[in-house]
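Please go through this model from the whole chain down to single residues. The sequence and coordinates come first, and the explanation after them.

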Number of protein chains: 2
Amino acid sequence: MTASATTTAGISFADLDRLMKPRSIMIVGASSTPGSLGHTTVENVLEHSDFQGDVHLVNPRGGELKGHVLHPDIDSVPAGPIDVALLLVPAEAALDALRRCAARGVGTAVVFTGGFGEVGDDGKAAERAMRDLARDTGMRIYGPNCAGLTSLAPRLGLTFSTEFRNDGHGGPLALVTQGGGLGRSLMQGSDRGVRFGRWFSTGNEVDLDSADFIAWLARQHDVRAICVVMEGLKDGVRFLAAIQAAHRAGKPVAVLKVGRSSFGAQAAQSHTASLAGEDAVNEAVFAQYGVIRVDDLDEMLDVASLLARAGGRPFRRICVYSSSGGAGVLAADMISAAGLEMAELSAATIQEMARHAPSYAALANPVDLTTKALTDTALARRCLVPLFADPGIDAVIYPITSNYAATTETSVRNLMDIAREAPIPFVPVWMSSRRGPAHDLLIEQGFAPLYSLRNATRAMARCDAYVRAPRERLAGLPLAAPATPAAAGPWNEAQAKALFARHGIRVPREATAATAREAAQAATRIGFPVALKLVADGVQHKSDVGGVVLGVRDEAAAERAFASIMDAAARHGVAASAIRGVIVAEMVRGGIETLVGVHRDAVFGPMLSFGAGGVAVEIVADVARCRLPADRPAIEAMVDQTRVARLLPAHRGRPAYDRNALVDAIERTAALFLSLGDGVEALEINPLLVLEQGQGAVALDGVIH
Amino acid sequence: MTASATTTAGISFADLDRLMKPRSIMIVGASSTPGSLGHTTVENVLEHSDFQGDVHLVNPRGGELKGHVLHPDIDSVPAGPIDVALLLVPAEAALDALRRCAARGVGTAVVFTGGFGEVGDDGKAAERAMRDLARDTGMRIYGPNCAGLTSLAPRLGLTFSTEFRNDGHGGPLALVTQGGGLGRSLMQGSDRGVRFGRWFSTGNEVDLDSADFIAWLARQHDVRAICVVMEGLKDGVRFLAAIQAAHRAGKPVAVLKVGRSSFGAQAAQSHTASLAGEDAVNEAVFAQYGVIRVDDLDEMLDVASLLARAGGRPFRRICVYSSSGGAGVLAADMISAAGLEMAELSAATIQEMARHAPSYAALANPVDLTTKALTDTALARRCLVPLFADPGIDAVIYPITSNYAATTETSVRNLMDIAREAPIPFVPVWMSSRRGPAHDLLIEQGFAPLYSLRNATRAMARCDAYVRAPRERLAGLPLAAPATPAAAGPWNEAQAKALFARHGIRVPREATAATAREAAQAATRIGFPVALKLVADGVQHKSDVGGVVLGVRDEAAAERAFASIMDAAARHGVAASAIRGVIVAEMVRGGIETLVGVHRDAVFGPMLSFGAGGVAVEIVADVARCRLPADRPAIEAMVDQTRVARLLPAHRGRPAYDRNALVDAIERTAALFLSLGDGVEALEINPLLVLEQGQGAVALDGVIH
């Protein structure tokens with residue numbers, strides 16, 4: 001078995017070296033019919049790749065193709081190692097072909113054929129058989145239902161695509177996409193200067209998956225950044241482990257997540273889950289683990305374009321250089337809208353520019369050296385060399401509003417000469433729909449333009465957020481909590497609160513009463529005023545069934561409240577046998593109502609949520625999320641994303657609230673959830689009341705299920 | 001005086017017919033030097049326009065140019081009417097030239113020259129003189145500091161731009177921009193099939209302004225939509241009157257607002273104002289008056305592209321047709337993100353497609369007829385003609401992920417043949433960076449593509465919002481309230497509340513006390529519990545100086561509260577002479593805290609704000625706005641934009657709150673503000689407590705200043 005493995009966070013990734021540097025390739029389903037997939041695949045390997053090793057072609061009809069024998073079946077192929085087999089066979093023949101490949105000791109079998117998991121249950125069963133075959137034999141399986149792989153330096157096209165021959169000279173970006181359509185679209189980004197040197201279309205991923213390719217690409221010295229299009233994500237932990245590998249290698253990963261998972265419906269019972277939805281979970285996890293999220297293909301190309309030339313550099317303090325006043329102001333608007341900053345030029349830079357620039361030039365940001373500087377090479381150089389060297393600037397953005405033919409070409413040449421030697425990135429933005437020589441020149445010379453100020457500044461913000469993510473810390477964090485035996489539920493409110501208390505989460509003083517008299521006595525013990533709350537199996541939202549009475553001030557009132565709760569429960573059809581009693585609880589007053597919860601995401605596992613609490617959480621919609629396990633900085637970062645967190649510091653004569661106790665309580669809630677094992681789907685404390693500074697935080701209500 | 005006028009909502013707009021169909025043009029500053037502005041302008045008029053009338057050239061050096069005498073000065077030009085004068089003269093000579101033009105009875109003088117209001121106070125003074133000259137003589141002035149105007153059918157280029165000669169055949173869109181740079185960029189949108197037939201670059205707008213051009217364009221039968229780039233907006237009412245004129249003519253107006261106004265600082269005292277900021281005001285006003293707002297040039301071209309072919313049509317229920325599964329899902333994601341709907345196909349449509357499509361085709365939205373349908377013309381037609389005729393679909397979006405050369409060209413041709421006869425718009429999205437014949441074909445045939453699914457769906461959402469705006473109602477609404485004499489302020493809290501009560505806005509029962517004893521007596525009269533609140537000149541935020549005590553339960557407590565307020569005020573440096581007493585007020589409990597306010601925007605005048613109230617309004621940041629005067633539907637629409645409004649209906653055992661009383665109170669607040677005259681800058685009620693259904697809404701606190 002040749003497939004060695006890289007281990008990261010206890011997770012194994014495939015070694016793809018034998019796949020990527022094969023000495024022998026077998027094509028099963030090679031075809032003599034021009035234009036067929038089997039024919040194009042042969043052409044791609046024999047004529048459009050730099051591959052010099054052995055090629056074995058298989059076709060049941062036999063004969064010869066391009067000087068190679070067409071063997072009637074896999075078993076007829078002469079003995080000797082086969083590193084890669086490409087399978088273009090009918091779906092129903094795929095499994096048999098794979099078994100024969102495995103028997104021949106094939107390193108990796110690439111299954112182009114579709115018609116498996118994506119079409120129905122039979123296909124899913126076939127995929128399971130493939131997965132078992134890979135596990136049992138050590139042969140790696142790539143696909144099925146995939147467009148294969150493209151590598152441009154050296155050229156290796158293990159793909160049936162007729163477009164492989166048109167893929168140019170590649171570049172420092174790598175691409176991993178499940179499907180072929182969106183990946184091919186991104187490959188054509190070469191026409192705007194965004195060049196992917198390697199592309200893996202991984203298909204249904206029965207064995208090798210996107211994480212394997214991300215992790216392998218992270219170890220390639222000539223890869224600067226990795227772009228990923230994911231249609232489905234089965235194993236969130238593997239994906240994050242691959243991201244950690246990329247962080248350790250210093251390579252940014254940008255991800256476009258297409259479609260929505262099946263997450264949600266079954267967990268919709270708890271607020272947390274019904275607020276979540278997969279997109280919000282993805283967004284939170286991507287931000288937490290330093291993944292650059294993009295929303296569409298054009299944004300992927302914008303981000304990739306910046307990463308290719310300046311990945312890992314900050315894009316925060318932006319200087320605009322423009323000879324159009326309108327474009328300068330628009331750029332400033334967009335910089336602000338993207339959350340970036342207009343760079344402040346140093347006095348020395350301004351002074352130096354002032355020595356040369358026309359008197360009517362604008363020497364603050366946006367800088368406008370007037371149209372004279374567009375064509376006056378010496379003037380441009382004298383002003384712009386110091387500008388590009390200003391330590392207060394992270395990048396210079398250059399809006400090209402219109403194509404003025406020769407004038408534009410001259411000014412672009414001038415600027416590229418300066419930018420080539422500058423210590424910071426130069427980002428031209430080609431705002432005109434009229435392309436032309438100046439546009440193409442920018443691409444040729446490595447200054448591929450972006451196409452709108454809004455897109456350019458958003459892409460900068462994406463890249464800048466990557467720089468600011470705590471990547472070193474993230475790269476080392478454990479991705480999963482130690483397994484714990486399942487705890488025995490279910491828990492009613494009283495039991496849940498006892499559990500909270502045992503885990504150091506403060507709860508109100510309270511007792512459970514079975515009768516009105518007991519309730520009155522408990523209230524006296526606890527001290528008035530108190531709250532009375534129904535505890536009944538199957539009743540999640542007590543207030544919906546009249547099960548809550550607040551502000552009970554004396555014994556008589558407590559007895560009345562008990563009776564009223566029982567009446568209301570009966571009226572709402574709560575069976576007497578379901579009623580476990582009434583909680584009599586101290587009224588904790590003041591404070592800020594928050595919510596903390598954990599639910600289990602189908603892909604990423606336990607997700608912690610925090611936000612504004614109370615009855616109307618869905619309406620207030622103030623929730624931030626964070627994957628577990630999470631360290632305290634990650635929890636603090638989550639808290640800081642909410643609006644309710646802004647209420648915690650002293651404000652307008654209001655006191656400060658106990659943030660520290662809040663974060664403690666959130667940490668303990670997370671630890672409690674993880675300690676309960678996989679049987680628990682969700683845990684929610686709402687409200688978690690944050691009291692004034694020094695007085696702690698109290699879990700007034702909570703559910704575990 | 002030739003300039004007649006159109007009157008809309010009491011506002012006059014210029015009649016531009018003489019400018020746009022001149023019989024005689026004078027060019028002052030005509031130059032014999034090739035490449036100079038004065039030379040290019042002459043070429044544009046003589047050689048690149050269809051203009052056949054008289055041309056008079058003026059240049060102090062005299063001589064001859066292109067068969068025309070160069071007159072040494074304006075006075076030397078032979079007698080006769082001059083419809084348009086184009087001025088390319090130094091800034092310091094402009095005013096004299098304009099006076100001479102006026103004396104000659106020139107209809108409109110277009111001043112290309114810059115160096116006026118944009119450079120300093122002298123320039124501003126010159127602009128005032130120009131404005132006076134226009135007013136006194138009736139000669140209209142266009143500019144200064146402008147790029148002039150371009151009209152393509154018939155061709156008329158009153159501009160110095162060398163690019164005019166490259167402007168193609170134009171189209172049904174019209175463009176108004178103040179500056180030249182962004183406008184020229186949009187004109188080059190013709191290369192992506194977005195064709196502006198007329199472009200006005202209006203410069204500093206001393207006389208003719210953007211509103212004049214919008215209103216004039218609204219009356220041109222061959223204009224389908226109007227696109228506007230505004231760098232500054234001086235007169236909001238004129239602009240809105242022009243928008244109303246466009247609504248009456250059924251022509252959509254899309255606006256890109258560049259830069260920020262000086263609004264804000266002086267009004268930052270009140271919450272409402274400090275929450276506002278010009279961008280939020282623009283957004284609210286644009287939405288309220290049915291203006292399509294766009295954020296960048298590319299978005300303007302996307303929106304214009306849709307408006308040119310399907311302006312005034314809905315774009316809500318979108319059908320995706322794609323042979324890439326990934327693109328189909330991505331399109332569905334984007335449709336949802338843009339707030340649009342995935343169209344539901346009718347059973348009949350699905351049945352009809354099923355009769356022809358391959359068995360493995362996807363006949364739900366996204367529709368995928370498989371790659372077979374890309375090149376099989378008959379199959380495509382049989383399936384897509386019924387699809388395009390489905391009454392449940394507003395538009396079909398067609399993602400073209402990659403350029404597959406001939407295959408793409410064939411499929412595009414097939415689709416265009418079907419779409420040409422279809423009752424709904426067909427929106428191809430060219431997602432590849434590789435252009436080519438199929439791309440150009442789409443443009444030539446009137447199906448100009450958009451370039452990303454995100455951009456396409458957002459543009460559709462912009463156009464769809466326009467269709468849904470109540471344009472007929474808006475077109476007739478008064479834009480300004482009748483002038484009222486200024487009321488005498490200032491008002492302290494007690495006085496403000498008295499004013500509220502007189503205008504039908506309910507306030508708590510309360511009294512002002514000068515001593516602790518008076519406070520106790522007032523409290524007894526009002527009924528315990530009460531709140532005590534300091535009234536002192538110059539103290540806006542009472543709680544900041546310890547000036548509020550809530551929940552006072554008896555006379556002794558009232559006396560203590562009075563004393564504590566006085567102590568706290570003294571500690572916070574409130575002068576005894578500033579103190580006007582202490583309000584003793586009924587404690588109104590329960591209810592939802594909201595905020596209603598009005599402030600005066602520098603451009604649009606009185607702006608009403610509504611949102612979540614309480615101490616932390618800046619933090620909660622839940623505010624919607626609406627310009628005044630506003631009718632009840634506009635106020636209801638504003639309320640519905642807030643999150644706090646979602647708390648009003650009954651929810652989870654909580655009662656419903658008195659929405660009707662809330663809207664009444666907002667209407668009365670608006671009426672009160674308008675009745676106070678121009679002297680009042682802002683009015684704010686916070687909290688406006690909305691009580692349970694039938695119990696009204698109470699203004700607990702308020703300021704007017």
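The paragraphs below go from chain A to the interface and then to a sheet in chain B.

This is a predicted model, in which local features need pLDDT of at least 70 and side-chain atom pairs count only at pLDDT 80 or more, while totals for chains, interfaces and linings use all residues. Residues are numbered from 1 along each chain as its sequence is written, chains are lettered from A and ligands numbered from 1 in the order in which they are written, and side-chain values use heavy atoms, with hydrogens and water left out.

The C-alpha trace of chain A spans about 100 × 80 × 40 Å along its principal axes. Its secondary structure comes to 24 helices and 30 strands; helices (H or I, at least four residues) and strands (E, at least two) are DSSP runs, numbered from the N terminus. Of the 705 residues in chain A, 59% are buried, where buried means under 20% relative accessible area, exposed over 50% and partly exposed in between, with a 1.4 Å probe and protein chains only. Among contacts in chain A with a separation of 6 or more, 70% come from residues 24 or more positions apart; contact means heavy atoms within 4.5 Å.

Strand S7 (residues 84-87) of chain A has a parallel partner in strand S3 (residues 24-28) of chain A, over four bridges. Two strands pair if DSSP finds at least two bridges between them. In this pairing A:Val28 stands opposite A:Leu87. S7(A) also pairs in the parallel sense with strand S8 (residues 108-111) of chain A, again over four bridges, and here A:Leu86 has A:Val110 as its bridge partner. In a regular strand the side chains alternate between the two faces of the sheet. In S7(A), A:Val84 and A:Leu86 point one way and A:Ala85 and A:Leu87 the other, and all are buried.

Between the chains, 61 residues of chain A are in contact with 61 residues of chain B. The buried area is about 5400 Å², with 47% from carbon and sulfur atoms; buried area is the accessible area (1.4 Å probe) that two parts lose on being put together, summed over both. On the chain A side, A:Arg434, A:Ile619 and A:Arg652 lose the most area to chain B, together 15% of what that side buries.

Which residues does A:Glu163 touch, not counting those up to four places away in sequence? They are A:Arg184, A:Gln188, B:Asn403, B:Tyr404 and B:Arg434. A:Glu163 lies in the loop between strand S11 (155-158) and strand S12 (173-177) of chain A, and is buried, with a relative accessible area of 6%.

In chain B, four strands form an open sheet in the order S18-S17-S19-S20, with parallel pairing. Strand S18 (341-342) and strand S20 (426-430) of chain B are at the edges with a single partner strand each, so one side of each has no neighbour in the sheet. Strand S17 (residues 317-320) and strand S19 (residues 395-400) of chain B pair in the parallel sense over three bridges, and B:Ile318 stands opposite B:Ala395 in S19(B).

Helix H17 (residues 453-468) of chain B lies across S17, S19 and S20 of chain B, at about 165° to S19(B). Axes are lines fitted to C-alpha atoms, for helices over the stretch in contact, and angles run from 0 to 180 degrees between N-to-C directions. Helix H11 (residues 325-337) of chain B packs against H17(B) at an angle of about 35°, with the axes 9 Å apart.
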